[in-house]
Amino acid sequence: MVTLIEQLISKMGLNDEPNVLEKTTELLRLLELRSSNVPLQINEYGKIVLCADLASCLLGIGFDKEQALKLSALRKSHYANNKRMFEKLLDLNRLVSVNDICVQLSLNEVSRKAEELLALFKKVARENPDADHPQYAAMAVFQACRLMKKKVSKTKLLPFSNLRPTQWQQLEQQWEHMITKHIKEADVASSLNNKLDLHQENSVINKKNSQTPEIEDYEKWKSRMLAMAEAKLKESAIKVKENINES
């Protein structure tokens with residue numbers, strides 16, 4: 001049994017990833033215990049591949065879904081349904097996050113943008129009690145890829161969203177409308193701020209140019225005038241004295 005697990009993990013390209021083998025084996029053992037009264041309509045290959053998939057999710061390791069699907073010998077819909085059932089049996093049915101999706105699909109460079117878009121959606125849809133549904137995390141990643149011109153297949157994101165293609169298409173249109181509106185509002189706000197800054201700058205310049213000269217205090221002016229007059233009188237007296245001495 002362990003040999004088969006090792007072989008499949010190697011074929012999925014996970015043999016060099018730390019702790020994947022141990023975690024996959026642990027989940028398989030737990031699954032056997034939890035499913036003793038629940039007959040699983042799935043082959044041994046499918047069990048191992050699905051547990052490796054779940055182990056990779058828990059460890060935050062990228063996982064090749066297409067290769068896993070081939071090795072499991074399951075149809076795509078059966079793979080997704082069995083994965084959800086395994087998650088429930090193993091108490092792993094937590095909400096998928098933007099980071100989970102980015103790690104699984106090797107899209108780490110769009111993670112930050114996707115988080116920003118998801119935060120924008122939650123701000124807009126404050127009264128939506130279902131705002132944490134995985135469909136929104138998946139859509140945030142998709143829209144982040146679109147904005148950052150990063151190619152990603154919708155078929156790879158759909159399983160994370162738990163949506164049908166028609167539902168995905170509707171959600172995609174809603175998000176594109178939301179993002180377009182937000183960008184326009186941001187552009188208007190930026191333009192308005194630039195105009196306000198320019199207006200304030202011009203106001204300061206005009207204020208400096210229009211300032212009237214400071215009026216000197218009368219007593220100070222009087223003292224200054226008297227001092228100047230006295231200095232001139234002294235200068236005149238010296239010149240008169242010098243003229244007398246020369247004659």
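Let's start with helix α5, residues 76–89. It has 14 residues and reaches 20 Å from its first C-alpha to its last, close to the 20 Å expected at 1.5 Å a residue. That expected span is 1.5 Å times one less than the number of residues. Helices here are DSSP runs of H or I, at least four residues, numbered from the N terminus.

A word on the source. This is a predicted model, where local features need pLDDT of at least 70, side-chain atom pairs count only at pLDDT 80 or more, and totals for chains, interfaces and linings use all residues. Residues are numbered from 1 along each chain as its sequence is written, and side-chain values use heavy atoms, without hydrogens and water.

Which residues of α5 are buried? Y79, N82, K83, F86, E87 and L89. Buried means under 20% relative accessible area, with a 1.4 Å probe and protein chains only. Those residues cover an arc of only 160 degrees around the axis, which puts them on the same side of α5. The arc is taken from the directions from the helix axis to the C-beta atoms. The buried residues of α5 pack against α2 (20–34), α3 (44–59) and α4 (65–72), with contact meaning heavy atoms within 4.5 Å. After α5 comes D91, with a positive phi near 55 degrees.

Now the lining of the largest pocket. Which element gives the most? α5, with nine residues. By class, the lining has 15 nonpolar, seven polar and eleven charged residues. Nonpolar covers Ala, Val, Leu, Ile, Met, Phe, Trp, Tyr, Cys and Pro; charged covers Asp, Glu, Lys and Arg; the others, Gly among them, are polar.

How values were computed:
Helix = DSSP H or I, 4+ residues; strand = E, 2+ residues; numbered from the N terminus. Buried < 20%, exposed > 50% of the residue type's maximum accessible area, 1.4 Å probe, protein only.
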